[in-house]
Amino acid sequence: MSEIKNKIDKNKLPQHIAIIMDGNGRWAKSKGQERTFGHKNAIEAVRNAINACNEIGVPYLTLYTFSTENWGRPSDEVDTLMNLLSETLLAEAEDIFNKGLRMHVIGDVERLPSLVKDQLLNVVDLTKDNTNGNLVLALSYGSRHEILTAVKKIATEVKNGELSVEEISEETISQNLFTKDIPDVDLLIRTSGEVRISNFLLWQIAYAELQFLDVLWPDFSKDDFFQCIVDYQNKERRYGKTSEQVAP
């Protein structure tokens, strides 16, 4: 068993971990290969994150798989990513089911190729009764788009007389986001050494701990994941209060 894993306090686990999986292109370039080579070799890191999360019992894991901005990448790279997603869904669906994980998808899935969308929805349906953890794929996802969509829904309810302005609260907004049935993020991890959020879960990470790792995504290991949790547990989460107020 990993020495780092042994340091984790199972009574203080984050309930929701989100990961910005960054660095595939640079990893490929460091090996003299095209960017798509990095994407293809990133699948093992995805497995590492899912398996590590499942092993220690973190209830929710969200992976930033494809952003709304990623549609602007070269068409051959987008095609490779969509084909890779399709292949991975076919290859991993049974394992996800057998682990007892329930899969969710957040984002503008209507923009995805019909084959990929159908495969995604099939896995979502296949795993809908699983209770051993939740795997959330953020696909064709952008937080500004998500918030804008929520605002439009709320505005329509106000216009139709179904909701008054005075009734609008933070909970109203949360319940109109793609993540309405998913708890806010406790720990956000980004690989590759970049220190930015990239339009990811902006509302949901309001009080999250942020960790930026100097490791490229294809090299991300289970021990990297476990170390992030150890570091998270060594932080004092105050939610705007003083240390004295949050002390046990």
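## What lines the largest pocket

Sort the lining of the largest pocket by residue type and you get 21 nonpolar, 11 polar and 11 charged, with Gly counted as polar and Tyr, Cys and Pro among the nonpolar ones. A pocket here is an open set of points on a 1 Å grid over the protein atoms alone, where a 1.4 Å probe fits, with protein on both sides within 12 Å along at least five of seven lines; lining residues have an atom within 4 Å of a point. That makes 43 lining residues, with Met-21, Asn-24, Tyr-64, Thr-65 and Phe-66 nearest the centre. The largest share, 10 residues, comes from α5.

## Where the model comes from

This is a predicted model, so to speak of local features takes pLDDT of at least 70, and side-chain atom pairs count only at pLDDT 80 or more, while totals for chains, interfaces and linings use all residues. Residues are numbered from 1 along each chain, and side-chain values use heavy atoms, leaving out hydrogens and water.

## The annotated pair

UniProt, in an unreviewed entry, puts "active site" at Asp-22 and Asn-70; such annotations may be inferred rather than shown by experiment. They are spread over 49 residues of sequence, yet the largest C-alpha distance is 12.3 Å. The pocket lining includes both Asp-22 and Asn-70.

Asp-22 counts as buried because its relative accessibility is 17%, and the cut-off is under 20% (1.4 Å probe, protein chains only). Asn-70 is buried too, at 16%. The side chain of Asp-22 makes a polar contact of 3.2 Å with that of Arg-26 (N or O atoms within 3.5 Å, one able to donate a hydrogen and the other to accept it).

Key: Helix = DSSP H or I, 4+ residues; strand = E, 2+ residues; numbered from the N terminus. Buried < 20%, exposed > 50% of the residue type's maximum accessible area, 1.4 Å probe, protein only.
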